[in-house]
Amino acid sequence: MSYLTHLQCTTCGTRLPADSPQINICADGGILEACYDLDQIRRDVSKESIASGPSSLWRYGALLPVEDLANRVSLSEGWTPMLSAPALGATVGCSNLYIKDEGRNPSGTFKDRGAAVAVSRMRELGITTIAHNSSGNAAGSWGLYAARAGLRCVNLVPDDVLPSSLQQSVLAGAQTVMLTDQWKFSGALVADAVKTHGWFNIGTLKEPYRVEGKKTMGYEICEQLGWKLPDAVVYPTGGGLGAIAIYKGFRELMALGWVKEGPLPKLIVSQYEGCAPIVRAFQQGKDRAEIWENLDVLPGGLKSTTPPGDRAVLEILRDTGGGAYTATNDESIGAAGEIVRTEGVFPCPESATTLVALKKALTDGIVDGKATVVLLSTGSGLKSIDVFPTPEIAKTNANTPLTST
Ligand SMILES: Cc1ncc(COP(=O)(O)O)c(C=O)c1O
């Protein structure tokens, strides 16, 4: 059973029923949020009952929008490890550092959280075809979950899409189309196609349920810290959905009384230098981000030239006293290597931007060296193998003894 009551826009307050498919039509950067009967949840559910639930995001089923257990579409996503990172922390001067390793999810990225919950709810609401533009990771993920749910999925991807994501999408049977020129028009292309063909648009923040899946990152961070909020969260930001979702999760836990009332963790946003509309808007003190014209990023995520979550992310940044920083492509590849060498966690380059941002936030004094900080490693480096430079390695033959270097 779900305690979902209705949907409500965060800026204009428009209230919509949750028992039929709804899309976000707010032109003002508002988010159509799923709302729950938190008082009833407080009476019926406890931290202890959650702890005895499944080792997946479905342990938070009461706080998710899916009514009927039979409609859950799962590949066992979520409940990813929160690894302490003392060696990396020591090198950057952060004594309480954690890495939330989202690369352990079924498709290799955190996108699976949004896909699992939203596909489940969409199937429950009778939606049959879903469509979106995706730089790749979401395309791969939604392809897999749509296949498992028996839904039809249309993925519009860019021409530098990661081979891993492309294979996931195509092998899963999704209708996969490559946009060969300007990616900034991908959203408009999907919006037109959705109208023409009667598909359901699952693009970033177009509907309310992806956020519901991804807010479980916020729940897990707190539960894994012993039902405590961290002091700061460093998040690699594209469209903004993940950051918004994590903070929805934090707020709900506070409203339920499951974590102590107090200031929300500082949000530290990281973006590639070649697509940093949110960092630029934050530095200029603006409420909204302007379109980023000259996209120059590595293949993979963080390609959102007009982030749909700009207003909400900028609000969180300001409300929490956070910071927003860029990382060059080379810095990101270097930072991925640093994380692997020190902690053995293999992040995708998008995730490694968080380490670059953390170093800058420590230097600026935005984050204190003793603070409890969580780096979101949103995807596995295995998804991005082709993006890493080919390593130079020693070669030998069977007649030559190995030497120690
Ligand atoms: C690996 C990875 N991390 C982070 C993001 C950021 O997504 P969002 O800001 O929409 O949560 C993306 C997508 O762009 C991604 O593919």
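Colleague: Which residues point one way from β10, and which the other way?

Modeller: Ala232, Val234 and Pro236 point one way, Val233 and Tyr235 the other way, and all are buried. A residue is buried if 20 or more other C-beta atoms lie within 10 Å of its own, exposed if 12 or fewer, and partly exposed in between, with C-beta atoms placed from the backbone. Strands here are DSSP runs of E, at least two residues, and helices are runs of H or I, at least four, numbered from the N terminus. One caution: this is a predicted model, where local features need pLDDT of at least 70 and side-chain atom pairs count only at pLDDT 80 or more, while totals for chains, interfaces and linings use all residues. Residues are numbered from 1 along each chain as its sequence is written.

Colleague: Why is strand β10 largely enclosed by the rest of the structure?

Modeller: Five of the five residues of β10 (residues 232-236) are buried, so the strand is largely enclosed.

Colleague: How many bridges join β10 to β11?

Modeller: Two strands pair if DSSP finds at least two bridges between them. Here there are five, and β10 and β11 (residues 266-272) run parallel. Pro236, for one, has Ser270 of β11 as its bridge partner.

Colleague: In what order do the strands of the open sheet come?

Modeller: The order is β2-β1-β3, three strands with antiparallel pairing. β2 (15-16) and β3 (32-36) are the edges, each with a single partner strand, so one side of each has no neighbour in the sheet. Two bridges link β1 (residues 4-9) to β2, and Leu7 stands opposite Leu16 in β2.

Colleague: Is Gly126 buried or exposed?

Modeller: Gly126 counts as exposed because it has 8 C-beta neighbours inside 10 Å. You'll find Gly126 in the loop between α4 (111-124) and β6 (129-133).

Colleague: How many residues surround the ligand?

Modeller: A residue is near a molecule if its C-beta atom, placed from the backbone, lies within 6 Å of it. That shell holds 18 residues, and the closest are Gly238, Gly242, Gly301, Thr378 and Gly379. Four of the shell's residues are nonpolar (Ala, Val, Leu, Ile, Met, Phe, Trp, Tyr, Cys and Pro), one is charged (Asp, Glu, Lys and Arg) and 13 are polar (the others, Gly among them).
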